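The following exercises are to be worked with the sequence and the model at hand. Each task is followed by a solution in steps.

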Amino acid sequence: MTVSPALVIFDLDGTLVDPAGSITGGIAYALESHGLPVPDSATLDAMVGPPLLESLGRLAEVPADVMPAVVHAYRKRYISEGMAASRPYPGILELLDRLRAAGYHLAVATQKPEGLAKKLLGIHDLDRRFHSIHGAPDDETLPPLQDGKASIVAAALGVNHVPSSRALMIGDRRHDAAGAAANGVPCIGVAWGFAEPGELEALDLAARVGDAHAAGDAVERLLPLDGSTRAEVRATVPETAEAPTCR
């Protein structure tokens, strides 16, 4: 019997790459340049992860009539300065190489515009480590996807011809868990991203990990390359471990 590839789907900002203030600083710059109030630092951090239009409207209360100009100002600053300032998190390169060498397929699912995501990954020599990269539409004047991250995760599964039973999601926010759950995919939460206090603890995650090495260990435990089913894996996980579900 042929076993489907084992696919690990990664979020981007806050999981693979530390924006190093380029997102929050860029949002602050765009708001200030249009005479709009800048939220506090905690609110700015909460804007990392969701679609930009959603964050600007819901958290920064940007009026609809100036939204396109604010988005344009943010993107111009991000492209000219922000992408180069960002950095892969410690151990991420080693994690990706470890999983690729073992035989896993790797994909990215982000709510960042897909073209921009590919540019960012290329700047840091990460793009070649992935079998596919999936994001939101490049036209940011369009409303955010109604299903959040669900269709983006679904695209990663479809392009790689992988059923949900042979996939895992790794992300730092509830949006990652929700997109994975909508496709029946377990989710590993990472502690180094932009989750608000208690956000990850409130989710029914497959695991929560504190560094990239632990993320690799969790992948190998929860998604064996030999094609074991989740029920078989669950039977081997100690009672103190978190069950591999993401609902």
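**Exercise 1.** How many cavities of 30 Å³ or more does the structure hold?

*Solution.* The model is a predicted one. It holds 2 cavities of 30 Å³ or more. The largest cavity contains about 190 Å³ of space.

**Exercise 2.** Determine which residues and elements line the largest cavity.

*Solution.* Step 1: the lining consists of 17 residues, and those nearest the centre of the cavity are D13, I23, G49, P50 and K112.
Step 1: sorted by class, the lining comprises 9 nonpolar, 4 polar and 4 charged residues.
Step 2: at least two lining residues come from each of α1 (22-33), α3 (52-58), α4 (67-85) and β4.
Step 3: the most is given by β4, which supplies 4 residues.

**Exercise 3.** Why is strand β4 described as largely enclosed by the rest of the structure?

*Solution.* Step 1: a residue counts as buried when its relative accessible area is under 20%.
Step 1: strand β4 (residues 105-113) has 9 residues, of which 8 are buried, and therefore the strand is largely enclosed by the rest of the structure.

Notes
Residues numbered from 1 in each chain as written. Predicted model: local features only at pLDDT ≥ 70, side-chain atom pairs only at ≥ 80, totals over all residues. Heavy atoms only, no water. Buried < 20%, exposed > 50% of the residue type's maximum accessible area, 1.4 Å probe, protein only. 1 Å grid on protein atoms, 1.4 Å probe; cavity = no way out; pocket = protein on both sides within 12 Å on 5 of 7 lines; lining within 4 Å. Points joined across faces, edges and corners; volume = space filled by probe spheres on them. Nonpolar A, V, L, I, M, F, W, Y, C, P; charged D, E, K, R; others polar.
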